[in-house]
Every structure is written in C-alpha cells, then in structure tokens.
Amino acid sequence: MKHAKLILSLVVLAALIGFGIWAYHHVGFDFAQFGLQLAQVNWTKIAIGLGCIYLGYVVRAIRWALLIRPNKKVGLLSLTDTQVIGFTSVALVGRVADLSRPYMVSKRTGLPLSSQIAVYIVERLFDAGSMALIFSTAILLAPAGALPHPEIFKRVGYWGLAGTVAGALFLVAVRLSGGVLAAFFERTIGVLSKAAGHAIGEKIRSFRAGLDTLRTPADLAVTLGISLAMWGLITMAYLMTAQAFTASPELASMTLAKALVLMIVSGGASVFQLPVLGWFTQIGVVAAAISSFFAVPPEPATACAAMLLIVTFLAIVPVGLIWAQLEHVSLRRVAKESEQAGAEVVEVEVAGPEKA
C-alpha cells in the first residue's frame, strides 16, 4: 500500500511538473500580474473569512459534543482540539487521516471507536445535506443573470434538492427501522455475495447506532440548525475570500450563488486529496472553474484559488501544530493508529459476530 501511494504521488508530481512546463510555454501565464493580484488583496475580507473558518471548527466541536451526549456528557467546547488537530492531520497527511477525529474522541471519552465512527458518518451526512440544501436554495433563488448557463445550474439545484429530500427520508427510515433495512439488504445482496450483504447490513446498523444520538425531533432540529450555521460560515468564508481580490472586477463582485459553485468545486477536488501534492491539484481545478465559469483571467483565478485553499483548508495547520505540541500528539502516529483501528473495526463488521 505504501509503495502504491509513493508511486501515485510520483506520477502526480511528474504530471504537475509537466503541466507547469507546458502552461509556461503555451498559456502565457503572467507571474507579474499574479503577484499584483495578491498585492492588492483586501486583507480585512481575508481576515473575516479566516474568522468564519475558525469559528466553524468550534461549531463542529459543539455538534460532536451534542451527538455523543446521550452516551457521554462532555463540555460543549471540550472536543475543539480533536477537531482542529484532526483536520490539521488531514491537511498534512491526506484523506488517510480522516478517522483521526473519531479516534481521538474515542481516546478522550473512553467510548468505543465504532460508536465514534458512527457519529462521524452521521456528521458527514448532515454536512452533505446542509451543503446541498444551502447550495440548491441559493441557486434556485438566484436572480436572472447571476450565474452563467443558469439552466444547467438550476437543473443541478433541483437534483440537489431532490437528493437532500431523499437523504432525509433515508435517515428517517434508518432511524425508525434500521434493523429491518439491514436485514433486507443482507438477504438481497447476500444472494450475490454473502460477505458484501453482511458488510452493508453492518454499515446500516452502525449508521443506526450513530442516529441513536438523535432521540427526539428536537435533537434532529438542533443538529440540523448547527450544521446549517457551520456551512453558512464556510460559505461566507468563500464569498469574502473571492471578493477580497479587488483588482479583478469579476471576483470583487462575486455573488453568493457563484461562491457556492466554487465551494462545491473545491469540495469535490478535495475528496481524493493526496498529501501536499493535492494542494496544487485543488488549486488547478478551482482556478480552471473560476476561469471557465466566470470568465476570469488565469492570473487572478489562480491567485484566488490559492487563497481559497489557504483560508478554507490550510489556515488551521499552524493552530493545529501548536495545539498538537501542547497536547503531546503526534499527527503521523494518530493518523497511522486511527487507520489501523478503523480497518480492524471494518474487519470485525465484515467477519460478523460469529467470527469476531
């Protein structure tokens, strides 16, 4: 696995270098203009964006504390370090460190890792639902001329809204009849593969266990409200960062709907992110989206994409590194241990209780 990751990293690095050389000779990228765009940035708006992102981590910690409260009462702000250090690990090590947060919460609270992975799944579902709801609503309510190719974006908005509703219905179904759904998938998928059917059934049961934290409609409403508030802060960070580029009229006049398009593109580019190298691929993807969707020249588009990465993804790294030192936490060790522990949980689920 390590050799495969190394080979993949080298291939991506070679591709990036090759693309950079090609772009330098064919695209005519003006580095002086790129520097000018950065020099004329409105740093007040950048600071507002950073403030929104930092506050978002606090809100995320509060949400996790509320989700585990039925099993373990903790202070609302007591898990902030696990979120900050966990996302710092993801930024530096890559998506392989995604389980660092549930792993650290499990160690901190004494709760089983499987239960925290279940909470992580629930958290991600609320993230996806909240982001889709905000995106779809803003796109569908956007005034005429606010977006290029509005018919395409409105179609995406309708599908996003439909997906959100379908996800909510699935959530309710699992919450009310998770055991029945798990048994159904085990029987149907089990016809083709008994192991796959059992694995899917166990995933649904784990998800159902995570939803046990939402015991009343009020719990659901509070969690959804917190999730919407957090993604509202993230959206504001994207909007403020783009509008900070005062030397580019297209970016300085960025609208909410356009900022949400950038957020979706950036989120998609970060799903399979490699450590460090993934930063540059994300900048390239987001810059290409800014240029093609909003007719922004390559220099301000690239400058904006780089600043978006710094504000929304990398800004937490200095805080996380300092906090990890104060807590005597090794990011690499936590990432490795969480990956191993997560794999063991999956193996137990796939093997079934009779083999565990």
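**Gly-232 is partly exposed, with a relative accessible area of 32%.** In this and all other views the model is a predicted one, in which local features need pLDDT of at least 70 and side-chain atom pairs count only at pLDDT 80 or more, while totals for chains, interfaces and linings use all residues. Residues are numbered from 1 along each chain as its sequence is written, and side-chain values use heavy atoms, with hydrogens and water left out. A residue is called buried under 20% relative accessible area, exposed over 50%, and partly exposed in between (1.4 Å probe, protein chains only). Gly-232 belongs to helix H9; a helix is a DSSP run (H or I) of at least four residues and a strand is a run (E) of at least two, both numbered from the N terminus. Between Gly-232 and Ser-130 lie 9.0 Å in space, C-alpha to C-alpha, although the two are 102 residues apart in sequence.

**The chain as a whole contains 15 helices and zero strands.** Of its 356 residues, 44% are buried. Contacts (heavy atoms within 4.5 Å) are counted here at a separation of 6 or more, and 71% of them join residues 24 or more positions apart. The accessible surface of the chain is about 17500 Å², and carbon and sulfur atoms account for 72% of that surface. This area comes from the Shrake-Rupley method with a 1.4 Å probe, and for residues only the protein chains shown count as cover.

**Helix H9 (residues 217–243) crosses helix H13 (residues 298–314) at roughly 140°, and their axes come within 10 Å.** H9 is therefore oblique to H13. Angles under 35 degrees count as roughly parallel, over 145 as roughly antiparallel, 65 to 115 as roughly perpendicular, and the rest as oblique. Axes are lines fitted to C-alpha atoms, for helices over the stretch in contact, and angles run from 0 to 180 degrees between N-to-C directions. The crossing of H9 and H13 is right-handed, a term used if the near helix is turned clockwise from the far one by less than a right angle, with left-handed used if anticlockwise. On the H9 side the residues in contact are Tyr-238, Thr-241 and Ala-242, and these meet Cys-304, Met-307, Leu-308, Val-311 and Thr-312 of H13.

**Val-286 lies in helix H12 (residues 277–294).** With a relative accessible area of 2%, Val-286 is buried. Residues up to four places away in sequence being left aside, Val-286 touches Leu-262, Val-265, Ser-266, Ala-305 and Leu-308. From the C-alpha atom of Val-286 to that of Cys-304 the separation is 8.7 Å, and the two residues are 18 residues apart along the chain.

**Two aromatic pairs are found in a search of the whole structure.** In the pair of Phe-293 and Phe-294, the ring centres are 6.1 Å apart and the planes stand at 65°, so the pair is edge-to-face. Rings of Phe, Tyr and Trp (its six-membered ring) pair if their centres lie within 6.5 Å; planes under 30 degrees apart count as stacked, over 60 as edge-to-face and the rest as tilted. Phe-293 is partly exposed, at 32% relative accessible area, whereas Phe-294 is buried, at 8%.

**Helix H5 (residues 100–109) meets helix H4 (residues 80–93) at roughly 145°, with the axes coming within 8 Å.** This crossing of H4 and H5 is right-handed. Asp-81, Thr-82, Gln-83, Ile-85, Gly-86, Phe-87 and Ser-89 of H4 form the contact with Ser-100, Arg-101, Met-104, Val-105 and Arg-108 of H5.

**H5 also packs with helix H6 (residues 113–141), at an angle of about 135° and with the axes 9 Å apart.** H5 and H6 are thus oblique to each other, and their crossing is right-handed. From H5, the contact uses Arg-101, Pro-102, Tyr-103, Val-105 and Ser-106; from H6, it uses Leu-113, Gln-116, Ile-117, Tyr-120, Glu-123 and Arg-124.

**Ala-295 has a positive phi of about 55°, although it is not a glycine.** Most residues other than glycine have a negative phi. Ala-295 sits in the loop between H12 and H13 and is exposed, at 58% relative accessibility.

**His-328, likewise not a glycine, has a positive phi of about 60°.** The loop that holds His-328 runs between helix H14 (316–326) and helix H15 (331–351). His-328 is exposed, with a relative accessible area of 69%.
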